[in-house]
Amino acid sequence: MTSPRPISAQRLELRPVRPRHIPAVYALTEASRAHLAPWMPWIHSEPSLAATAEFVRQAMVQEASGLGAQFGIWQATDLAGVIGYHPIRWIERHADIGYWLGASFEGQGLVSRSVCALLNQAFFDLGLSHIGIQTAEDNVRSQRVADRLGFRRLGVVAEGEWFIDHWVPSVVFQLSAAEWLARPERDRLLPAVIRPGSALPKPGSAGTA
Ligand SMILES: CC(C)(COP(=O)(O)OP(=O)(O)OC[C@H]1O[C@@H](n2cnc3c(N)ncnc32)[C@H](O)[C@@H]1OP(=O)(O)O)[C@@H](O)C(=O)NCCC(=O)NCCS
């Protein structure tokens, strides 16, 4: 019987994406193209630094509009992946989150620790009531992240995500602030640290009416 791998205890930082990060994000997506291909439709576009720059530009517009940031997941000087909010729905006090890791950073708990940090921010700093995760039905690895953190499976949506040229079914997960407060994982999982540098999104900011 193999013993469970220890979670990485190394300091993990979430840094809001900025133009200076474009080369690192581009390099990581290029190195992980085959690994991301089954799950991330955007990776199928023509690779270019300009496309990564456009992602960063749109992320900063979203952040400046008060709808939530996109963060690089950093282990010291290594970019491991990206995590962030889909635009926060302030009226419903709800946001979905999305994430991906570079191929060589899987299996260390980095995304679980990063999701923990966003849950703490979403519930305790922003006052949101629910966070959602939507994964392709076949994406068992991503579903394990949601299960591990105590998200409830609400169901399967048959036409859940448009993937290049067809629909794929997706599993919808949700976690409430009260459920998160009751989870012991909050402390055990060594949440990533959110580096200051992004203003906290606020209801009533541009685009949140
Ligand atoms: C989905 C994805 C982010 C999950 O990555 P991951 O490495 O499985 O997730 P985490 O970083 O949370 O690490 C969990 C792994 O670390 C291991 N781990 C070790 N100690 C751990 C601990 N204390 N806590 C959590 N995980 C721990 C877990 O055992 C697990 O590995 P296993 O599944 O082989 O058992 C990654 O597979 C990925 O980027 N996939 C492609 C893009 C994608 O699908 N994005 C999501 C779209 S919805």
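Helices (H or I, at least four residues) and strands (E, at least two) are DSSP runs, numbered from the N terminus. The model shown is predicted, and local features need pLDDT of at least 70, side-chain atom pairs count only at pLDDT 80 or more, while totals for chains, interfaces and linings use all residues. Residues are numbered from 1 along each chain as its sequence is written.

**View 1. Secondary structure and dimensions of the protein.** The protein has seven helices and eight strands, and its C-alpha atoms fill a box of roughly 55 × 45 × 40 Å along the principal axes. The radius of gyration, taken over C-alpha atoms, is 17 Å, which agrees with the value near 17 Å that a compact globule of 209 residues would have, where the globule rule is 2.2 Å times the number of residues to the power 0.38.

View 2. Of the 209 residues, 33% are buried (20 or more other C-beta atoms within 10 Å of the residue's own; exposed means 12 or fewer, and partly exposed lies in between, with C-beta atoms placed from the backbone). Among contacts with a separation of 6 or more, 66% join residues 24 or more positions apart, a contact being two C-beta atoms, placed from the backbone, within 7 Å.

**View 3. A76 in the loop between strand 2 (70-75) and strand 3 (78-85).** Although A76 is not a glycine, it has a positive phi of about 50 degrees. A76 counts as exposed because it has 8 C-beta neighbours inside 10 Å.

**View 4. R93 in the loop between strand 3 and strand 4 (94-101).** R93, which is not a glycine, has a positive phi of about 50 degrees. With 16 other C-beta atoms within 10 Å, R93 is partly exposed.
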